Amino acid sequence: MGRQRSTSPTLNDVAKLAGVSISTASKALNGRDEVAPATRARVLNAATRLSFQPNALARGLISGRTRTIGLLTDELGGRFSIPVLLGVENALANEQMSVLLCDARGDAIRRRHYIGTLLSRQVDGFIVLGDDNDLRPSLTRDIPVPVVYVYGESEAPEDLSVLADDEGGARLAVEHLVSLGRRHIGHITGPQTYRAARDRVTGTRRVLTEHDLTMAGGGPLHGQWTQRWGRHAARVLLATAPEVDAVFCGNDQIAVGVADALHDLRKRVPEDVAIVGYDNWEEFATDCRPPLTTVDLDLEDLGAAAARLLLEALDGPQPSGVVRHPCRLVVRESTAPATT
């Protein structure tokens, strides 16, 4: 028994119903300018009546696009990567586009191989995901289609990079503490070699200066992004500045360590010392004693923003520069008005 012919409507069926040629039907469905408005309306009406869905391959041949995007990352297993990837995929799926994902694992040879592989698949554009928000070498010279960098900034100013606004996130945290009446605010954070740590220090200092305050302890305490460092640094800070009534931490792990140390020192959180973390890492923020007020990077929305900017670049001039995506403050029980 022979294979039955598919009953799905074809472009030829649409053209016959609309009373036009196949070429005209194709142009009308793809928004080409040379089709008269009345003819376009007739073709679209016929397509709707037949429930016609254009074949993706045929549409690509007509438009010169494959409706696929190459996504190149250096650390697929990283905690920050997955939410960004989900945001990218969701935004592109809404536009009926597909993502081809390649993980270079920080290896330059593997990265070049994947660039070649993705270009051979004729992707319409690239999104390059960094493993941190520091400057990274530009790849654009090797990629003849639009490129957007996300979570890591390209070193080339003519490239377009989308970053979390760490300075703005720190501002949210410290302004929250100041609004609650806290006046002796310390800052415990990660290594000074990390751009994120430096940006958060800058945001903290600016808010304190605007309110005629100085940082408790004389300056930020830099160390590792760990609970152990948070515990140690909290003891150092309290010994240096016993008047501390709030601590802004560079990440949630440090904040949990600070909360543990304050508990051991018989300091009440938030009555005696309020704490704000950073990242909104649920595993730490919700299990902290008490649950942690923290800054959320909105990583899924960051990825979606990068995807939208790439789509704009596909339809117009390639933008350049740095777009800083806003963070948001998630308030939980580790902050409260100062007691009087």
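Helices, meaning H or I runs of at least four residues, and strands, meaning E runs of at least two, are taken from DSSP and numbered from the N terminus. Hello everyone, with that settled, let's walk through the structure. This is a predicted model, so please keep in mind that local features need pLDDT of at least 70 and side-chain atom pairs count only at pLDDT 80 or more, while totals for chains, interfaces and linings use all residues. Residues are numbered from 1 along each chain as its sequence is written, and side-chain values use heavy atoms, with hydrogens and water left out.

Let me start with the sheet. Strands count as paired if DSSP finds at least two bridges between them.

Now to β11. How many of the residues of β11 are buried? The count is 5 of 5, where buried means under 20% relative accessible area, exposed means over 50%, and partly exposed is in between, with a 1.4 Å probe and protein chains only. Ala274, Val276 and Tyr278 are buried on one side of β11, and Ile275 and Gly277 are buried on the other.

What about the neighbours of this strand? β10 and β11 are parallel and share 3 bridges, with Ala246 standing opposite Ala274 in β11. To get from β10 to β11, the chain passes through helix α10 (residues 252–264), and this β-α-β crossover is right-handed; that is, with the strands pointing away from the viewer, the path from the first strand over the helix to the second runs clockwise. β11 also pairs in the parallel sense with strand β12 (residues 293–296), over 3 bridges. Within β12, Val295 is the bridge partner of Tyr278, and Thr294 is the bridge partner of Gly277.

Rings of Phe, Tyr and Trp (its six-membered ring) pair if their centres lie within 6.5 Å; planes under 30 degrees apart are called stacked, over 60 edge-to-face, and the rest tilted. By this rule there are 4 aromatic pairs. One of them is Tyr194 with Trp225, edge-to-face at 5.7 Å centre to centre and 85° between the planes. Tyr194 sits in the loop between β8 (185–189) and α8 (195–210), and Trp225 in the loop between β9 (221–222) and α9 (227–240), 31 residues apart, so this pair links distant parts of the chain. Tyr194 is partly exposed at 35% relative accessibility, whereas Trp225 is buried at 18%.

Phe248 and Tyr278 form a tilted pair, 6.2 Å centre to centre with 50° between the planes. Phe248 is in strand β10 (residues 246–249) and Tyr278 in strand β11 (residues 274–278), so the pair ties together parts that are 30 residues apart in sequence.

Which residues does Asp165 touch, leaving aside neighbours within four places in sequence? Asp165 is in contact, meaning heavy atoms within 4.5 Å, with Tyr278, Arg324, His325, Pro326 and Cys327. Asp165 lies in the loop between β7 (160–164) and α7 (166–179) and is partly exposed, at 21%.

On to the core, which is a set of buried Ala, Val, Leu, Ile, Met, Phe, Trp, Tyr and Cys residues joined through side-chain atoms within 4.5 Å. The largest nonpolar core has 43 residues, of which Ile127, Val150 and Phe248 touch the most other members. Helix α12 (residues 299–315) gives the most to this core, 9 residues. Apart from it lies another core, of 27 residues, including Trp229 and Val258.

Finally, some backbone details. Most residues other than glycine have a negative phi, and most peptide bonds are trans. Here, the bond from Val269 to Pro270 is cis, with omega near 10°, and Pro270 lies in the loop between α10 and β11. Arg289 and Pro290 are also joined by a cis peptide bond, with omega about -5°; Pro290 is in the loop between α11 (282–285) and β12.
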